[in-house]
Amino acid sequence: MNLGRVRADVEDTFAGNAERLRHTQGVLATALQLARKHRVSPLRAALAALLHDRTKPLSPKQHAALIRRHYPEEVLREYAEPLHHAFSAAAYAKEQHGIEDPEILRAIASHVVGRPGMSVLERILFISDYIEPNRPYEACRKVRPVAFEDLDLAVFLAMDNSITHFEAQGGHIPETAYLARDYYAKKGGNR
């Protein structure tokens, strides 16, 4: 796990996509702030943040191939195609950067919809992706200060906002997202 090599890989990948690179840098900065606050390894947070969207430019076939090598076929059925990058990015982190730390890999894989019982690192990446400073949405701006006070409440608010948004658009929402929202409603949403 060489942070410099990971950073160079990500910067090369997004060299022609300033918006995606800016987003990744925003997630990295936010994840490092939250890692310090919650006493999580900054190296682990940085690796997860840098690699969370690394496979976004891949084709659907490339995502599926990476996912099949590391996850059961159900992942491809349960999660809509736009969500596949989370799982393929975790597989890529393992294959191309030798990351074996299961918590980093889970953080990358669950950064889009979350899951019940996420570790602190997983919650940090999940919420960092949602609230990074380049996100212009009002819902994200409202959750930002909460994330530095109550991570579980912030995760619940982000999940609830995302589910409500995608339901309104008629998008496919995996069952895991509902289970995670219910879990965090009990853990943080009742405050």
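The model is predicted, so local features need pLDDT of at least 70 and side-chain atom pairs count only at pLDDT 80 or more, while totals for chains, interfaces and linings use all residues. Residues are numbered from 1 along each chain as its sequence is written, and side-chain values use heavy atoms, with hydrogens and water left out.

**Exercise 1.** Describe the aromatic pair of Tyr 71 and Phe 87.

Solution. Rings of Phe, Tyr and Trp (its six-membered ring) pair if their centres lie within 6.5 Å, and planes under 30 degrees apart count as stacked, over 60 as edge-to-face and the rest as tilted. Three aromatic pairs are found in the whole structure. In the pair of Tyr 71 and Phe 87 the centres are 5.2 Å apart and the planes make an angle of 80°, which is edge-to-face. Next, consider burial, where buried means under 20% relative accessible area, exposed over 50%, and partly exposed in between (1.4 Å probe, protein chains only). Tyr 71 has 23% and is partly exposed, whereas Phe 87 has 8% and is buried.

**Exercise 2.** Which side chain meets Arg 123 in a salt bridge, and are both residues buried or exposed?

Solution. A salt bridge is a side-chain nitrogen of Lys or Arg within 4 Å of a carboxyl oxygen of Asp or Glu, and by this rule there are 15 salt bridges. The partner of Arg 123 is Asp 152, at 2.6 Å from N to O. Both Arg 123 and Asp 152 are buried. Asp 152 also forms a salt bridge with Lys 187, with the closest N and O atoms 4.0 Å apart, and Lys 187 is partly exposed at 35% relative accessible area.
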